[in-house]
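Trainee: I have a new structure to read. Can we go through it together?

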Amino acid sequence: MAKKTTLTSLKKQEGIMGYLFASPWILGIILFGAFPFLASLYISFTSYDMIQAPRFIGFANYRILFTNDDIFWLSLGNTLYHVLIAVPLGMVVGILLALLLNNKVKGMSIYRTLFYLPNVVSIVALSLLWLWLFQPSFGIINEVLSPIYKLFKLEPLGWYSDKSLSKFTLILMGLWTSGGSMIIYLAQMQDIPTSLYESAEIDGAGFLKKTIYITLPLMTPSIFFNFIMGLIGGFQVFTLAYIVTNGGPGRSTYYYAYYLYDQMMTDRNMGMASAMAWILLVIILVITLFALKLNKYVVYLGEEN
Amino acid sequence: MKKIFTLIVNVILIFILVACTNGEDSGKIKINFWHMSPVGSPSYSPMRRIINNYNNSQDKVLVTGTGFSFWDYWDKIGIAISSKTTPSLGLSTIDDVEARASGKVLFNLTELIDNDTSDNNIDLDEFRDSQLEFATYNDNLYAMPFSATARALYYNLDIIEEKGFSEEDLPTTWSELKTFAKNFDEVDSQGRITRIGFDPTYGNATYHGWLWQTGLDFFDEDKNPTLNTPKHAEVLDWIKDFNSEFSRNQLKTFGEGNELLGINPFASERVVMIVDDDGLNQKIVDANASFNYGVTTIPIPDEDGVNVNWGSGFSIEMYDNGKRNEEHKLAAFDFLKYLMSKEVQIELAIANGWLMSHISAMEEYTEDKPILKALLKEVDNARDKIYIPYAPSWHGNDWQPFYNAFLDGEKTAVKTLEDARAYYLRKKSNYEATH
């Protein structure tokens, strides 16, 4: 009996120690995660100019956003366009890069580092660099393309200063950071047993067949992971538009997060900005849950018993 | 050995702790001042000297200064106000003092000035009524005008003289401006503009600035958007038609070239005349530009023109974050009095390159500086933009998409103004529904 009591107290002690060790993290998530999270939910039901105390106004912010705010819908539309094109395109580029770098060529680690490098470059510096490259009148990209323009008697593309191309230009700029997802794809590619490729080769499969029937199916967990992360990041697109286009021309790159930022910092309308943040959370949550439902149909999770 | 090592470490630690405390500062009331002279900026050292001079001049108050760049400052002060972590004193924009005063985050300066019996009290006669009005809420002063910005017409005297003109020929009306500017336009063999006389969208020239000169405004007295008169559309058309002999593409390429150069088109001598503020003068001085230039009044409409320009100065405010006692408040006020004194206002003008708000200080400072003297003259005609609670950035974020769409030829002037007005009205109704 005495032994049992000692064991219980030891377990208790161990539990306390565990919580103590985890306490910085627990406190961190409560103070810097849960509190702002719940506070923003409350603020979304208030009128709050960041000077005077928040005043409860019920669902007014949500009602206005849905029924009397064209810019809300415009920014949401711009963001959806970005997500629909940037996420799949980013995945394709990431996979292609991973396939390219999954070879035993001399100096491969240098190439991998080079492709990953843009991910550690400040996005502001990166934006300024692209701003110069895509500059419609003096940029190097239009200079390189000038023989094609001349050949087909075309006007040089306006890139980010052309309303119809601006969103796509920002997507192209964003592709430069595909090295981040490439690393994840590459890690999973290298986990694929070589025996599978060897037996496929014996059966006469070439590079294309091996990629389609072995590599890609076995990479679906990482593809799915990058898809979810891409969705979340895609809905929060902001920095490139803020630096390169200022949301223009004609609000064509005025994304949801940009409008949210303006509501908060320019119009000092923290209640409305919080409501926008919660609407965005719900949108991302619904799409992610839907994607997770598809998980079992599209992701290879190993052979069933 | 172990004991000796422990002893040495302890001695070093005690030494460091003692060295970190500043005996001279104990017992002083500590206040902090946020300004726009960050570390690394040319104005950092002079600003630090101004603060140190105050600290050395008395033994009751210790001021610490924190400088942020202009672009970072607004987010920092905004967040500080909402989180009640404001500095004792800070700079802000004078046109929206009302928002902070009504939010009870500013100390009432009228009370402090009225109760001050010292001989270095702030002399309100030394500041322009037009600026003091903006800093007043419910008949009480809640801020002091700090700087006094004005817009004026800068002209490149070298290029003007090269073409056989003199300062006597400078335009005073809109039609004269157009005729005169056309003498300086230049295009290269490929049809690219290499120099332009004037463009009413460059520099600090704004639609509301041109509008004010015609006696019109964006908003009426009740802060409702106007914009729906034919005269409003005429002004917009005048702006667009000014350089109508060039295609939009030519003008756009020229504008992009200016942006890429990263320097003001006037400072790079690509534009002969430009509307800008006193900041441009400082930029030209900092860039060691070698050309001769001057400053004059912005031309006004030919008929019933009003001599007015956009002001937009900074205010200096004492923040009440709910935790500051009377002693702290009086200490901050003492530093405010120091900053608003004639001598320090001159020092601040030298430090920042700004025109300050103190009238006689600036008259004395600009006496031997013809450009600044001319700019100071324009301050008397400067007018600040009003604060619109439902659209604080009515002239910026809100208006720019409409303005750019018009300049790009996507909409007519009438349609642009109609759409903009509807947009402001919607913002107003949404604001009223939540406030």
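Mentor: Start with chain B, whose secondary structure comes to 18 helices and 14 strands. Helices (H or I, at least four residues) and strands (E, at least two) are DSSP runs, numbered from the N terminus. This is a predicted model: local features need pLDDT of at least 70, side-chain atom pairs count only at pLDDT 80 or more, and totals for chains, interfaces and linings use all residues. Residues are numbered from 1 along each chain as its sequence is written, and chains are lettered from A and ligands numbered from 1 in the order in which they are written.

Trainee: What share of chain B counts as buried?

Mentor: A residue is buried if 20 or more other C-beta atoms, placed from the backbone, lie within 10 Å of its own. In chain B, 39% of the 435 residues pass that test.

Trainee: In what order do the strands of the open sheet in chain B run?

Mentor: Two strands pair if DSSP finds at least two bridges between them. Here the order is S10-S7-S11 (chain B), with antiparallel pairing. Strand S10 (273-276) and strand S11 (293-296) of chain B are the edges, each pairing on one side only.

Trainee: Which residue is the bridge partner of Tyr154(B) in S10(B)?

Mentor: Ile274(B). Strand S7 (residues 152-156) of chain B pairs with S10(B) over four bridges.

Methods
Buried ≥ 20, exposed ≤ 12 C-beta atoms within 10 Å, placed from the backbone.
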